[in-house]
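Colleague: I would like to learn how to read a few features in a model of this kind. Could we take them one by one?

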Amino acid sequence: MRIALGSLMIWLCFNASVVAAEPFSLTKDQEDYFSVLKQQALEKKLDTAPQWRAFMHFHDRFGSKESTIDSKTFFLSAQGKTDLKAELLSTLRAFFMPVDKVDPVEGKDKTYNHPQCLFPARYAWLKKNLDFDPNKLPEIKCKDFQDFQTALDTQRVALIFTSAYMGNPASFFGHTLLRLDSKDDTPLLSHALNYGAITGSDGGLAFIFKGVFGGYNGIFSVYPYYDTVNLYNNMENRDIWEYRLNLTDEEINRLVAHIWELGHNSANYYFFSENCSYMLLETLNAAIPDQDLTETFYRPFFSDYTIPVDTVRTVLKQKNILKEAVYRPSRQTKLKYAYDFLSDEEKEQLHKLLKAPRQIDAVVNSNLDERQKANVLVTAYEYIQYAFIAGDIPLDEMRRDSIKILKPLSAIKEKSTITKVPTPAKRPDEGHLSGTIGLYGGRRNHQNFIDFLIRPAYHTLIDETAGFLPYGSITYLDTVLRWYENDNDLRLQKFSFVDIVSLAPRDKMFKPFSFKLNAGFKSYLFPEKNKEGYVFYAGFGGGWSVQLNDQIITYFMTNIYGKAGGYLPHDAMAGAGFQAGFAADFGAVRLTGDIEKIFYTENAADLWRYQTSTGISLTRDWGLEASFIFEDSRYKDIREGRIGLIYHF
């Protein structure tokens, strides 16, 4: 998630807290007592305890031992980022600091910057594990932290997952955050903990480059949960899943105290690795430290990438951690369901209200019964709210037309019969796993081949849809190695940086834009050279899609392409064309097919392409795939078919 400063209410202070304005010395008694505590801590090996490592966000991976937190103020030792023992001992000693040695912060209680108050989770844990003597190590009353605890009043914790959003590259995989519930069972009035990048007004290549290579600061913020629902549920039309967790009171208190510690600090934000989901997983690890929740995200191959839904799966693997999963459909999901619920007569009347001038009197005076009129008016009212949030109508029109609809609706004694949106059969965490490997056998013209596929992320049109956006495909770093029987050689057939397809169906209520985007390297048969070589390719297309029925969608796109490689005229050529196709989802079986005509600046490369593919689910993570491609070009026809076994990991 990206955050523009000032765009939300931040409870936690993002400032460079200074622990002390000047060095301080311990009295002889304090020095002696510190030595006792130091010995106890080392004997108990607290510096290597899972809880201390979790507090410090410390990891030992690929020879690198350090914390993921980058703020210097998070550490009380100059070596704290890389040395757990040094940080533990420096923390212990800092707890002895006299209040009059603390550097004050304007507008804050004088104890605000005391180490005991900046790091209450560390203090509580060390106090529990060591023999703190209140006569030698006085406990500071931390007013600001206590106010924070009181404001949150956290009694329960929920892990929140929002579905993917195709309108922002940083949100293609969804988003996670934590909800902190008070004793009042009113989730919308709870608070949410979010971790996001401060991107300012950056966009385009600057946004992508900085996001990939850690050019942004990531901060933790706490704000009302209803802001989250408004942003994701209503403005971005993303469904929300709320996973309510079973945590003890001690674990919840430790989590809240650690959130306070993090609120003063930041870390470098990386879109693919140390992102919103990963850092929240590290934060939750402070509450349940017995197992490092993040260890599965550092893999020996395609390591260091974190997909939000995978973090949800990781949390839910913990024994008895899930109390309840609650589905919160977006406003658009509710509208689509309501529209499908209506009869043909109700839809006919609804269409009179969807566009201005809204024919409200015609609906009120129609032959519909009272319940049907209520159905139409309720749906129209919700659509007007949606249209305003989407920016399709101005505020004055929304207010005027809402009142015009609410007046006759309030006069109807019968209530709407539109039911609640049913909970999907599978949650996002129950869908297939994010990585894919595959082994295929096939034939290209007169040559037999074997393909090996590895795809670290994430979903294609012929993968099982349950738990994913329907008719959407997002893959990164898709790699295919091919071995030809005749040549007895292994070659790279394709390496795709990104391949995205969004087939959002249009109807009388919604007019989304369907698009595709891809870029990478692949083996290519150069026209009139009779040789294969590697080219860089990129393409973009846009158009519209139409839902024929519950299982089949058709689409039409116009596309542009570019290729650059060794044998091409002047090392590059461009192309444009049109494409028509379909995608079908029959549950365990998915089908796609399309026809495409492409005109290139090199005439010999012009072609008609016909392709079809199918995916068959054997289990959640095992499946069969088959595909056939026929390219009818001016130079040479290509026929290629393959079938294989895939596994999601």
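This is a predicted model: local features need pLDDT of at least 70, side-chain atom pairs count only at pLDDT 80 or more; totals for chains, interfaces and linings use all residues.

Colleague: Start with charges. How many salt bridges does the structure hold?

Modeller: Side chains of opposite charge can pair when their charged atoms come close. In this structure there are 36 salt bridges. One of them joins Asp181 to Arg179, with 2.6 Å between the closest N and O atoms. Another pairs Arg244 with Glu242 at 3.8 Å, N to O.

Colleague: Are Asp181 and Arg179 buried or exposed? And what about Arg244 and Glu242?

Modeller: Asp181 and Arg179 are both buried. Arg244 and Glu242 are both buried as well.

Colleague: Which residues are linked in a network of salt bridges?

Modeller: The network takes in Arg444, Asp451, Arg482, Asp487, Asp489, Arg491, Glu532, Glu640 and Arg642. Within it, Asp487 forms a salt bridge with Arg491, and their closest N and O atoms are 3.4 Å apart.

Colleague: Why does Arg491 count as buried?

Modeller: Arg491 counts as buried because its relative accessibility is 19%, and the cut-off for buried is under 20%.

Colleague: Where does Arg491 lie?

Modeller: Arg491 is in strand S15, which covers residues 489-502. Ser523 is 32 residues away from Arg491 along the chain, yet their C-alpha atoms are separated by 8.8 Å.

Colleague: Now the nonpolar side. Which residues form a nonpolar patch on the surface?

Modeller: The patch is made of Leu439, Ile450, Phe452, Leu481 and Leu490. Together they have about 450 Å² of accessible area. Phe452 belongs to strand S12, residues 447-455. The relative accessible area of Phe452 is 37%, so this residue is partly exposed.

Colleague: How do helix H15 and helix H16 pack?

Modeller: Two values describe such a pair, an angle and a distance. H15 (residues 370-389) and H16 (residues 395-411) pack at about 165°, and their axes are 10 Å apart. H15 is therefore roughly antiparallel to H16, since angles over 145 degrees are put in that class. The crossing of H15 past H16 is left-handed.

Colleague: Last, the backbone. What should I expect there as a rule?

Modeller: Most residues other than glycine have a negative phi, and most peptide bonds are trans. Exceptions can be looked up one at a time.

Colleague: Which peptide bond is cis, with omega near 0°?

Modeller: That is the bond from Ala356 to Pro357. Pro357 sits in the loop between helix H13 (344-354) and helix H14 (360-364). A cis peptide bond also joins Ala457 and Tyr458, with omega about 5°. Tyr458 is part of strand S13, residues 457-459.

Colleague: What is the phi of Asp153?

Modeller: Asp153 has a positive phi of about 50°, although it is not a glycine. Its place is the loop between helix H6 (143-152) and strand S4 (156-162). With 26% relative accessibility, Asp153 is partly exposed. Asn488 also has a positive phi, near 55°.

Colleague: Is Asn488 buried or exposed, and where does it lie?

Modeller: Asn488 is exposed, because its relative accessible area is 57% and the cut-off for exposed is over 50%. Asn488 lies in the loop between strand S14 (472-484) and S15. S15 is the strand that holds Arg491.

Terms used:
Residues are numbered from 1 along each chain as its sequence is written. Side-chain values use heavy atoms; hydrogens and water are left out. Patches are made of residues with over 30% relative accessible area and no salt bridge: like charges are joined within 9 Å, nonpolar side chains (Val, Leu, Ile, Met, Phe, Trp, Tyr) within 5 Å. Accessible areas come from the Shrake-Rupley method with a 1.4 Å probe; for residues, only the protein chains shown count as cover. A salt bridge is a side-chain nitrogen of Lys or Arg within 4 Å of a carboxyl oxygen of Asp or Glu. Helices (H or I, at least four residues) and strands (E, at least two) are DSSP runs, numbered from the N terminus. Buried means under 20% relative accessible area, exposed over 50%, partly exposed in between (1.4 Å probe, protein chains only). Axes are lines fitted to C-alpha atoms, for helices over the stretch in contact, and angles run from 0 to 180 degrees between N-to-C directions. Angles under 35 degrees count as roughly parallel, over 145 as roughly antiparallel, 65 to 115 as roughly perpendicular and the rest as oblique. A crossing is left-handed if the near helix is turned anticlockwise from the far one by less than a right angle, and right-handed if clockwise.
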